[in-house]
Amino acid sequence: MFFHMHIANLCLIHSFVSEHIETLEEIDVEYKELALESGIENWGRVPALGCEPTFISDLADAVIESLPYVGAMTASDLEAQQVLF
């Protein structure tokens, strides 16, 4: 049995950390065109996180927490090191 569904809205969420031309061309142009041709009325893509300060801070915290000597370096230690360099 086949079902026919009408999807009016589509928001694409991808797992890329940053935007790059291949992804932008494929998603923003090719997939958008395909979606619109398929009856999607509203198309959108969530932007990549890129260098958003909160994302970079959370990523740094995740790396620090995964180090074998957890606790040896804290976020404040990292900030202090950045000031020195």
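**A chat about the fold and helix 1**

Colleague: What pattern does the protein follow along the sequence?
Modeller: Read along the sequence, the pattern is β-α-β-α-α. This is a predicted model.

Colleague: And how many helices and strands is that?
Modeller: The protein has 3 helices and 2 strands.

Colleague: Let's take helix 1. Which residues are in it, and what is its reach?
Modeller: Helix 1 covers residues 21–37, which is 17 residues. From first C-alpha to last it reaches 23 Å, close to the 24 Å expected at 1.5 Å a residue.

Colleague: Where is the kink in helix 1 centred?
Modeller: On Tyr 31, and the kink is about 30°.

Colleague: Which residues of helix 1 are buried?
Modeller: Thr 23, Ile 27 and Ala 35 are buried.

Colleague: What do those buried residues pack against?
Modeller: Both strand 1 (9–12) and strand 2 (42–45).

Colleague: What comes just after helix 1?
Modeller: Gly 39, which takes a positive phi of about 100°.

Colleague: Switching to the whole protein. How many residues are there, and what percentage count as buried?
Modeller: There are 85 residues, and 11% of them count as buried.

Colleague: Last one, on contacts. Of those with a separation of 6 or more, what percentage join residues 24 or more positions apart?
Modeller: Residues 24 or more positions apart account for 65% of those contacts.

Conventions:
Residues are numbered from 1 along each chain as its sequence is written. This is a predicted model: local features need pLDDT of at least 70, side-chain atom pairs count only at pLDDT 80 or more; totals for chains, interfaces and linings use all residues. Side-chain values use heavy atoms; hydrogens and water are left out. Helices (H or I, at least four residues) and strands (E, at least two) are DSSP runs, numbered from the N terminus. The expected span of a helix is 1.5 Å times one less than its number of residues. The bend at a residue is the angle between axes fitted to the seven residues ending there and the seven starting there. Buried means under 20% relative accessible area, exposed over 50%, partly exposed in between (1.4 Å probe, protein chains only). Contact means heavy atoms within 4.5 Å.
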